Amino acid sequence: MSTEGKIAVVTGAGSGVGRAAALALLGGGWQVVLAGRRADALQETVTLAGAAGSRALCVPSDVSDPAAVDALFATVKQRYGRLDMLFNNAGTNVPGMPFEDLTYADWTRVVGVNLTGCFLCAQAAFRIMKDQKPQGGRIINNGSISAHTPRPDSAPYTATKHSITGLTKSLMLDGRKYDICAGQIDIGNAATPMTQRMTRGVKQADGSTAVEPTMDVTHVGNAILHMANLPLEANIFTLTIKATKMPFEGRG
């Protein structure tokens, strides 16, 4: 599929998986709107893209704020007139702790970004994709390995990521009549600032602590580019990409 003139929005584009996805899409010829809370981090992503950064637009945004999401997608519509792909990636977490010690504030903060933010961005993208001509587009949600199997002491993150799977399925079903397709990428131990703790050892299901292997996050960016480049008649509904030797298949 030709990517000439194709428009993508990547949330959480200032670091980690979001940055890797934005760089892969820019390198693949896409026009990319970079969304995230920190303008300086978004600009750093653009700088890392080199000459391809000329096809990037930075829009500092907080996906948990409905007004900020509305402003983000209004900018996309005004600037480009259409939207071909959303990578719903922005996410947060809280330090692992016993379930009984979780606070309401911690719970609502994770849900606000990981789930409500994903819903708000998906809905805004869906509306543009439904109304544009030609109609349709693609929404890719970051589900994470935790959409399948939890780590110990991770109830807020795990609950939101399981919920992303349900949202992805609903988007796929409700978007059919508008040529809007949805998919989910579940990532395990990509080397990012969020996963640096893996190299120091993380709690396992049996209570022990173990160092876990990681993989280059560039592989994740390339996987997202592959999903994005498919024609709308084809869809990768779920894709799991993980460090080969991480303890996932036997977790627990």
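This is a predicted model: local features need pLDDT of at least 70, side-chain atom pairs count only at pLDDT 80 or more; totals for chains, interfaces and linings use all residues.

By residue class, the contact of α3 with α4 comprises eight nonpolar residues, no polar residues and one charged residue. Helix α3 covers residues 66-80, and its axis comes within 10 Å of that of α4, the two crossing at roughly 30°. Angles under 35 degrees count as roughly parallel, and α3 is therefore roughly parallel to α4. The crossing of these two helices is right-handed.

Helix α4 also packs against helix α5. On the α4 side, the contact is made by Trp107, Val110, Val111, Asn114, Leu115, Cys118, Phe119, Ala122 and Phe126. On the α5 side, the residues are Ala155, Pro156, Tyr157, Ala159, Thr160, Lys161, Ser163, Ile164, Leu167, Leu171, Asp174 and Gly175. The residues of this contact of α4 with α5 divide into 15 nonpolar, four polar and two charged. Helix α4 spans residues 104-131 and helix α5 residues 155-175; their axes lie 9 Å apart at an angle of about 15°. These two helices are therefore roughly parallel to each other as well. Where α4 passes α5, the crossing is right-handed.

The geometry of the two pairs is set out below.

| Helix pair | Axis separation | Angle |
|---|---|---|
| α3 and α4 | within 10 Å | roughly 30° |
| α4 and α5 | 9 Å | about 15° |

## The chain as a whole

The chain contains six helices and eleven strands. Its radius of gyration is 17 Å, close to the 18 Å that the globule rule gives for 252 residues, so the chain is as compact as a globular protein of that length. Along the principal axes, the C-alpha atoms fill a box of roughly 55 × 35 × 35 Å. Buried residues account for 52% of the 252 residues. Of the contacts between residues at least 6 apart in sequence, 71% join residues at least 24 apart.

## Single residues

Which residues does isoleucine 187 contact, leaving aside its neighbours within four places in sequence? They are Val17, Asn142, Ser144, Ile145, Met215, Val220 and Ile241. Isoleucine 187 belongs to strand β6, residues 180-188. Its relative accessible area is 10%; buried means under 20%, so isoleucine 187 is buried. Between the C-alpha atoms of isoleucine 187 and glycine 12 the distance is 15 Å, with 175 residues separating them in sequence.

Serine 146 sits in the loop between β5 (137-142) and α5. With a relative accessible area of 8%, serine 146 is buried. Not counting residues up to four places away in sequence, serine 146 touches Tyr157, Thr158, Lys161 and His162. Two of these, Tyr157 and Lys161, are also among the α5 residues that meet α4.

Is glycine 250 buried or exposed? Glycine 250 has a relative accessibility of 64% and counts as exposed. The residue is located in the segment that follows β11 (238-242). Glycine 250 and arginine 127 are 123 residues apart along the chain, and their C-alpha atoms are separated by 41 Å.

Notes: Residues are numbered from 1 along each chain as its sequence is written. Side-chain values use heavy atoms; hydrogens and water are left out. Axes are lines fitted to C-alpha atoms, for helices over the stretch in contact, and angles run from 0 to 180 degrees between N-to-C directions. Helices (H or I, at least four residues) and strands (E, at least two) are DSSP runs, numbered from the N terminus. Angles under 35 degrees count as roughly parallel, over 145 as roughly antiparallel, 65 to 115 as roughly perpendicular and the rest as oblique. A crossing is left-handed if the near helix is turned anticlockwise from the far one by less than a right angle, and right-handed if clockwise. Contact means heavy atoms within 4.5 Å. Ala, Val, Leu, Ile, Met, Phe, Trp, Tyr, Cys and Pro count as nonpolar, Asp, Glu, Lys and Arg as charged, and the others, Gly among them, as polar. The radius of gyration is taken over C-alpha atoms; the globule rule is 2.2 Å times the number of residues to the power 0.38. Buried means under 20% relative accessible area, exposed over 50%, partly exposed in between (1.4 Å probe, protein chains only).
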